[in-house]
Amino acid sequence: MIFAAIAVFLFVAACSCDRDDSLGRIRQAGHISLATSAGYSPFSFYNDRKELVGFDIEVAREVAKRLGVNLKIVDTPWEGIIEGLNARRYDGIIGSMSVTEARRSVVSFSTPYYYSRTRVMVRMNSPLKTHADLEGKKIGIAVGTTFEKDAVRTGAKSIQPYASDDQALLELHRGNVDAVVTDEIVGTYTVTRKKLPIKSLGSPLGEEQIAAAFRKGDNALLSAVNDALKAMHKDGALRRLTEKMAREGY
């Protein structure tokens, strides 16, 4: 009976492994499709030549190279990006996604490939001096992001969602919101690139892990991507991409 139980266990385990064809599937196809959402410069955005570029795109390209396959990037609205993954419209997400427990319940996260700090941005001539001054104000955020919970904690009167962080910052410049909660690098980069009279307010609101996301059960693919990201950390590839982002601005 013991031997029979072991045999059944091994059979079930083998079947489970056979069903996880996630890595074999992309290698057979010759490419991996990874989703992102443009409008999040310098991580994912369209340059003046209408090319989708940025740090996330570079990371995705390097991961695909280390997996031995071509890269297919899918630009999709952020608010439906996880639903698209689980509907099998693409193989994974590399779009500066923050790791949260709510998201962990529906996707599997890779090892982090960078860390994000959250900032409040205001106009240069804003009367707001500290985070406490945000109470009762109107704050802009990119829809579907974790920045909403940060905005709620400030005691804002209303929170205005926009299609992207870039749009939220432009609406701040136009005076349609009192402040914007966004990623520190995104805020600084967009303000510098577009020459907007906007500044950071106070200290960072917090720090988050940023990782790639894959469907639950695609463990073989997740493991291979983790190996690639760990190697990129170890051999300095991620550091070089970060330096390229700072130097060239894509």
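Which residues of α9 are buried? The structure is a predicted model, in which local features need pLDDT of at least 70 and side-chain atom pairs count only at pLDDT 80 or more, while totals for chains, interfaces and linings use all residues. Residues are numbered from 1 along each chain as its sequence is written, and side-chain values use heavy atoms, with hydrogens and water left out.

In helix α9 (residues 219-234), the buried positions (under 20% relative accessible area, 1.4 Å probe, protein chains only) are Leu 221, Leu 222, Ala 224, Val 225, Asn 226, Ala 228, Leu 229 and Met 232. These buried residues pack against several elements, among them α2 (22-29), β1 (31-36), α3 and α10.

Contact (heavy atoms within 4.5 Å) involves Phe 55, Glu 58, Val 59 and Arg 66 of α3, and Ala 237, Leu 238, Leu 241, Thr 242, Lys 244 and Met 245 of α10.

Some backbone details deserve a friendly mention. Most residues other than glycine have a negative phi, and most peptide bonds are trans. Ser 96, in strand β5 (residues 92-98), has a positive phi of about 55° and counts as buried because its relative accessibility is 5%. Lys 50 has a positive phi of about 65° and, at 67% relative accessibility, counts as exposed (over 50%). The peptide bond from Ser 41 to Pro 42 is cis, with omega near 10°.

Definitions and conventions:
Helices (H or I, at least four residues) and strands (E, at least two) are DSSP runs, numbered from the N terminus. The expected span of a helix is 1.5 Å times one less than its number of residues.
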